[in-house]
Amino acid sequence: MPAADFSIVDEVDAAINAGSAEKRLETIKRVTDLFLLSAGTFNGEQIELFDNALESLIRTIEIRAVADISARMALAEMSSQLASVAQAPPAVVRRLAGNDEIAIAGPVLAESARLSAEDLVEIAETKGEPHLLAVSGRWWLKEVVTDALLARRYPNVSRRIVNNPGARISASGFAIVLEQAESDPELAVDTGIRLDLPPELRQQLLRNATETIRSRLLSRAPPHLFEEIRNSIAAVSAGVGREMSRRHDFATAKRLVALLKEKGELNEATLLGFARERKYEETVAALAELSKSTIEVIRPLMQSLRDDGVLIPCKVAGLGWQTVHAVLDSRFASGRMAPHELAKAESQFAEMTMEHAQRLLRFWQVRSSLS
C-alpha cells in the first residue's frame, strides 16, 4: 500500500479516535476532496480504501447529524459531490442513499450510477415519498424498480415515472397507473401518450376516459401515435355501443318503462336506480319517457363523446343533480367521470335554462323523425 494510502488511513483513524466532531467533519471533507481530485485514475484497491475510510467517518457523524446542522450539511455536500462520479465509493453511496434526510440521500438517489437495481428497490420498499420521488427522476429505471415504486401508489411518484422517458414500465406497473388515472386526468393524458403503453391498455384507458381527456390525448399525441389514438377512440366508442346492444334489449326496456308509467311508478327515483345499477337500456328508455322524447334521440346523446348533450333531456325532465350525475356515469361500462369534468358538467347544468333545453330537444326530435 503506498505511503499516501497509509496517511489517509492514519488521518481517518486519528479523527475517529480523537472524538472531536469538528475534526471528523474537517477530515471527511479533506478525504472527499482528495478522492475527487483524482477520481478517474484510482484502481479498485484504492477506491476500496477510500470507501472504507469515508464510510467509517460517516458512521461516526450520522448520529450527530440528526441534531447538528453542520454535520447534515457536510453529508449533503458529500452526496452532491459524489452523485455524478462514476467511480464513487459504492458503500459510501449506498449509505448516503439510505439516509432518512432527503437532502443527504437525494443527490445520489437521483443520479449515482453506483446504486444497483436491488439498491433502488430496497429504497422504494422502505423509504418515504421524497426518496421515491428522487429515484423516479433517474435517467434510466428498470421495470423491477418502477414496479416497486408504483406499488407504493404515491400519485406524485406515478406522475414523475410516467413523465420520465427513461423509466421502463411493465404491464403490471401500467395497470396500477391506469387505476390511479381514473381520478387523475393529467396522469391519464400523460400515460396515454407513452410509446410503450401496450395497445390493449391504451384502449382500456380510452374506454374509461371522458371526452375531454380523449380530446386532450389527441391534441398532445406525437405524430406517430396520433392515428393509433384516433383509431382507438373510434374503436372504443363503437365497441361500447355494440357491447351494450348485445347485453340489453331496448324493446324489453321500453316495455318495462311503459308498464312503470302505467302504474304511476315511473319517476326520478326509478331513473336514479337504473342509472346507479348501470342498466344502460333501462336508463335510456326512462330518460326518454321522462323528457317526453324518444329512445332514438336519447341513445346517440348517451353514446356521444361529449358530456353536454345528455344534460339537455335531463334538464327537460326536471332532474336533480344527483340523478344527472348517475346518468352521466351510467354511460360507461366501468369507471366514472373525473371530478373536474363532473364539476364542469354540474356548472353547465346549473346555468342551463329550461327554455333553452326544451327548444334544443324539440329540434333534435324533429331532426330524428326526418332521418
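Residues 24 or more positions apart account for 65% of the contacts with a separation of 6 or more in this chain, a contact being heavy atoms within 4.5 Å. This is a predicted model, so local features need pLDDT of at least 70 and side-chain atom pairs count only at pLDDT 80 or more, while totals for chains, interfaces and linings use all residues. Numbering runs from 1 along each chain as its sequence is written, and side-chain values use heavy atoms, with hydrogens and water left out.

**Overall make-up**

The chain comes to 23 helices and zero strands. Both are DSSP runs numbered from the N terminus: helices are H or I with at least four residues, strands are E with at least two. Of the 371 residues, 47% count as buried; buried means under 20% relative accessible area, exposed over 50%, and partly exposed in between (1.4 Å probe, protein chains only). The accessible surface is about 18,000 Å², with 54% of it belonging to carbon and sulfur atoms. Those areas come from the Shrake-Rupley method with a 1.4 Å probe, and for residues only the protein chains shown count as cover.

**Salt bridges**

There are 14 salt bridges in the structure, each one a side-chain nitrogen of Lys or Arg within 4 Å of a carboxyl oxygen of Asp or Glu. Here are three of them:

| Pair | N to O distance |
|---|---|
| Lys127 and Asp100 | 2.5 Å |
| Glu186 and Arg216 | 2.6 Å |
| Arg220 and Asp190 | 2.9 Å |

Take the salt bridge between Lys127 and Asp100. Lys127 sits in the loop between helix H7 (117-126) and helix H8 (129-136), and Asp100 in the loop between helix H5 (90-97) and helix H6 (102-111), so the pair links distant parts of the chain, 27 residues apart. Lys127 is buried at 15% relative accessibility, whereas Asp100 is exposed at 62%.

Now for Glu186 and Arg216, which also form a salt bridge. Glu186 belongs to helix H12 (residues 185-192) and Arg216 to helix H14 (residues 211-220), 30 residues apart. Glu186 is partly exposed at 38%, and Arg216 is partly exposed at 24%.

Then there's the Arg220 and Asp190 bridge. Arg220 lies in helix H14 and Asp190 in helix H12, so this pair ties together parts that are 30 residues apart in sequence. Arg220 is partly exposed at 37%, but Asp190 is buried at 10%. Elsewhere, salt bridges that share partners join Lys29, Asp33 and Glu77 into one network.

A nonpolar core here is a set of buried Ala, Val, Leu, Ile, Met, Phe, Trp, Tyr and Cys residues joined through side-chain atoms within 4.5 Å. The largest has 69 residues, and Leu96 and Leu149 have the most contacts inside it. Setting aside neighbours within four places in sequence, Leu96 touches Ile58, Leu75, Met78, Ser79, Leu82, Ile104, Ala105 and Val108. Another core of 40 residues lies apart from that one, with Ile295, Val297, Val310 and Ile312 among its members.

Helix H4 (residues 69-82) has 14 residues and reaches 20 Å from its first C-alpha to its last, close to the 20 Å expected at 1.5 Å a residue; the expected span is 1.5 Å times one less than the number of residues. Its buried residues include Leu75, Met78, Ser79 and Leu82.

**Around Ala181**

Ala181 lies in helix H11 (residues 171-181) and is buried at 7% relative accessibility. Not counting residues up to four places away in sequence, Ala181 touches Leu187 and Ala188. Ala181 and Leu205 are 24 residues apart in sequence and 8.2 Å apart in space, C-alpha to C-alpha.
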